[in-house]
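Please work through each task with the model open before reading its solution.

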Amino acid sequence: MNDSFMLYKSLYKLDNIKIKNIKDNTINFILFDTKLRFYMICDNSIPSYSFDLNLGIIDLINNIEQTYKVKVLNYLPVCYANDKSLIMACKISINNSKYVKEINNDIYKDVIKIIKNKADYYSEEYDDESVLIEKYHRRYKIYNKYIKKMVLTDKRRKKREFQSLIKRLCGEYNSIIDISCGDNLDIYKISSENNVIVFNDISLYQLRCCESKCNNVLYTNDNILDLSFKNNIFDVSYCKNTLHHMNNDDEIIALLNNMYNISNKLVIVEIEDPKKVGGISKILNKYLYVDYLKDSGKYFLSFCKFKRMIDNNFKDKCNISYLSFKNVLGNYMIAVVEKR
């Protein structure tokens with residue numbers, strides 16, 4: 001049996017629903033579009049795969065796209081079926097495939113109700129950022145192939161020193177999640193093959209990039225403002241350069257609380273506001289990340305605000321330590337938050 005699919009049941013806090021015609025030990029997919037229309041296959045079933053298949057979740061998503069000629073934007077776990085199978089939802093672009101049709105019966109009504117409750121977190125607003133990365137993927141390839149290797153090299157970014165620092169800050173752990181991994185492999189690099197490693201990101205494109213480079217990793221496509229993991233299920237949750245992609249203080253607090261709920265230790269790394277730091281950091285942010293790569297993150301924090309938000313949220317219930325790390329990209333603010 002594919003261990004990665006069994007991990008979903010151990011990691012996620014999901015309802016169990018009785019559904020007819022769902023086979024045991026399978027992972028099943030309901031498709032929905034941006035207009036909240038729901039789809040099944042034309043033979044009145046939904047895509048279903050046995051847990052015994054030696055395929056990861058990204059492989060299954062690729063198979064759905066190829067078999068049913070749809071474009072998947074996001075996938076998310078919805079519920080368990082009959083306590084032995086998993087129901088996932090795939091958000092697709094507006095459907096024009098002849099291989100699927102709108103659901104026309106009540107078999108999946110309870111599942112659809114759950115999806116609708118979660119759909120706000122997979123709205124077109126959030127699609128904008130994840131789709132933007134894929135739209136400019138050629139620029140990201142140039143960035144990774146040439147700019148990182150010739151200009152912003154591992155040496156200039158002090159990559160080895162940074163990973164060594166993060167490994168020390170994470171400490172001993174059996175399970176770890178990078179809640180917004182992007183194309184960053186730091187957690188994979190510092191972990192052992194015996195660790196449970198979860199890479200989560202709202203961008204399916206970024207997950208596919210990681211999947212091509214990493215083995216023994218579980219990939220999840222959850223919105224970080226709507227995580228469904230069980231409380232305290234991870235030893236460590238890791239977050240790098242994500243806070244400035246939030247829209248306001250309330251979203252940052254929600255993100256931090258979600259990390260707190262699912263893990264015993266939080267390691268938060270955030271680039272300090274390039275406009276305040278100035279110099280090369282300001283130039284790179286404006287001309288490379290914003291103008292060229294179309295990075296949409298704009299809600300940068302000063303160190304004072306970074307510290308104040310974390311202190312106000314956690315000081316009464318956690319031990320907190322702060323560090324900084326400087327490289328060619330700027331000044332990284334680091335907070336380690338550990339439950340007492």
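**Exercise 1.** Which kind of contact do the side chains of Asp-83 and Lys-9 make, and at what N to O distance?

*Solution.* Before starting, keep in mind that this is a predicted model, in which local features need pLDDT of at least 70 and side-chain atom pairs count only at pLDDT 80 or more, while totals for chains, interfaces and linings use all residues. Residues are numbered from 1 along each chain as its sequence is written, and side-chain values use heavy atoms, with hydrogens and water left out.

Step 1: apply the criterion for a salt bridge, namely a side-chain nitrogen of Lys or Arg within 4 Å of a carboxyl oxygen of Asp or Glu. Asp-83 and Lys-9 meet in such a salt bridge, at 3.4 Å from N to O.

Step 2: check accessibility, where buried means under 20% relative accessible area, exposed over 50%, and partly exposed in between (1.4 Å probe, protein chains only). Asp-83 is partly exposed at 42%, and Lys-9 is partly exposed at 33%.

**Exercise 2.** Which residues are linked with Asp-186 in a network of salt bridges?

*Solution.* Step 1: the side chain of Asp-186 meets that of Lys-159 in a salt bridge of 3.2 Å, N to O. This pair connects helix α6 (residues 159-170), which holds Lys-159, with helix α7 (residues 186-190), which holds Asp-186, across 27 residues.

Step 1: Asp-186 also forms a salt bridge with Lys-240, with the closest N and O atoms 3.5 Å apart. Because Asp-186 lies in helix α7 and Lys-240 in strand β11 (residues 234-240), this pair ties together parts 54 residues apart in sequence.

Step 2: the network therefore consists of Lys-159, Asp-186 and Lys-240. Lys-159 counts as buried at 19% relative accessibility, Asp-186 counts as buried at 1%, and Lys-240 is buried as well.

**Exercise 3.** How many disulfides does a search of the whole structure find?

*Solution.* Step 1: with a disulfide taken as a pair of cysteine sulfur atoms within 2.5 Å, the search finds zero.

Step 1: the sulfur of Cys-210, a buried residue at 1% relative accessibility, is 4.2 Å from its closest cysteine sulfur, in Cys-181, which is too far for a bond.

Step 2: Cys-304 is exposed at 56% relative accessibility, and its sulfur is 20 Å from the closest cysteine sulfur, in Cys-239, again too far for a bond.

Notes: Helix = DSSP H or I, 4+ residues; strand = E, 2+ residues; numbered from the N terminus.
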